[in-house]
Amino acid sequence: MHDYLLFTDASVNNSSNNGVGGFLMIEAERLIGINAGSLKHLNESIVLQRFKETSSTKLELQTLLWALTEINPYICDREYQLTVYTDSQNIISLPNRRTRIEANDYLSRTNKRLNNQVLYQRFYAAIDSHPFTLIKVKGHQSQKSKTSVDIVFSLVDKATRLAQRNDTKCDLS
């Protein structure tokens, strides 16, 4: 059994509705003994992609679904446990909201179709086909209170924000 950790984050420009999503997948044992040299290597392994016509909530979900698609060929033929780290409260809450969302046929309390219906359906299909654990990460903590998970997550956070600002290191899709 292999344990993998997937860190995802996103940064959106609210005035243009464009953003950058990023992810980093590592084997769990690489988290032990993180140092400056391993951080540089991890930083170089972050994968980024630009998304258009999005919002912060939508972009976080788009990024996770894109990351799961990208890593699927790598892990699909192996026994694995996948843990996803995100700072998105929407993503963290989706499994607990599933019964109500599906029972209401993806309609809001005012009978309007949920904005991210298709993404929610894709999320639920992904978790059904290859179950994973979701862990909420607190964003933007002081350096001295960061765990190794927080340190790695902050690399993805910084990479997405920098790419969003500089419009670099991204596939334009």
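Predicted model: local features only at pLDDT ≥ 70, side-chain atom pairs only at ≥ 80, totals over all residues.
**A pocket, a helix pair and a salt bridge**

Helix α2 supplies six residues to the lining of the largest pocket, the largest share of any element. Rolling a probe the size of a water molecule over the atoms shows where empty space is left. Here, the largest pocket holds about 180 Å³ of space. Its lining counts 13 residues, and L68, T69, A126, S129 and H130 are the closest to the centre. Two or more lining residues come from each of α2 (56-75), β4 (80-86) and α4 (117-129). By class, the lining has eight nonpolar residues, four polar ones and one charged residue.

Now turn to how α2 and α4 sit against each other. Two packed helices are described by the angle between their axes and the distance between the axes. For α2 and α4, the angle is about 35° and the axes lie 10 Å apart. The crossing of α2 past α4 is left-handed. On the α2 side, the contact is made by K58, L61, Q62, L64, L65 and L68, which meet L119, Y120, R122, F123 and A126 of α4. Sorted by class, this contact comprises eight nonpolar residues, one polar and two charged.

Finally, a look at charge pairing. Side chains of opposite charge can pair when their charged atoms come close. The model has three salt bridges, including one between R98 and E102, whose closest N and O atoms are 3.1 Å apart. Why are R98 and E102 separated by about one helical turn? Because they are four residues apart in helix α3 (residues 89-103).

Conventions: Residues numbered from 1 in each chain as written. Heavy atoms only, no water. 1 Å grid on protein atoms, 1.4 Å probe; cavity = no way out; pocket = protein on both sides within 12 Å on 5 of 7 lines; lining within 4 Å. Points joined across faces, edges and corners; volume = space filled by probe spheres on them. Nonpolar A, V, L, I, M, F, W, Y, C, P; charged D, E, K, R; others polar. Axes fitted to C-alpha atoms, helices over the stretch in contact; angles between N-to-C directions. Left-handed = near helix turned anticlockwise from the far one by under 90°. Contact = heavy atoms within 4.5 Å. Salt bridge = Lys/Arg side-chain N within 4 Å of Asp/Glu carboxyl O.
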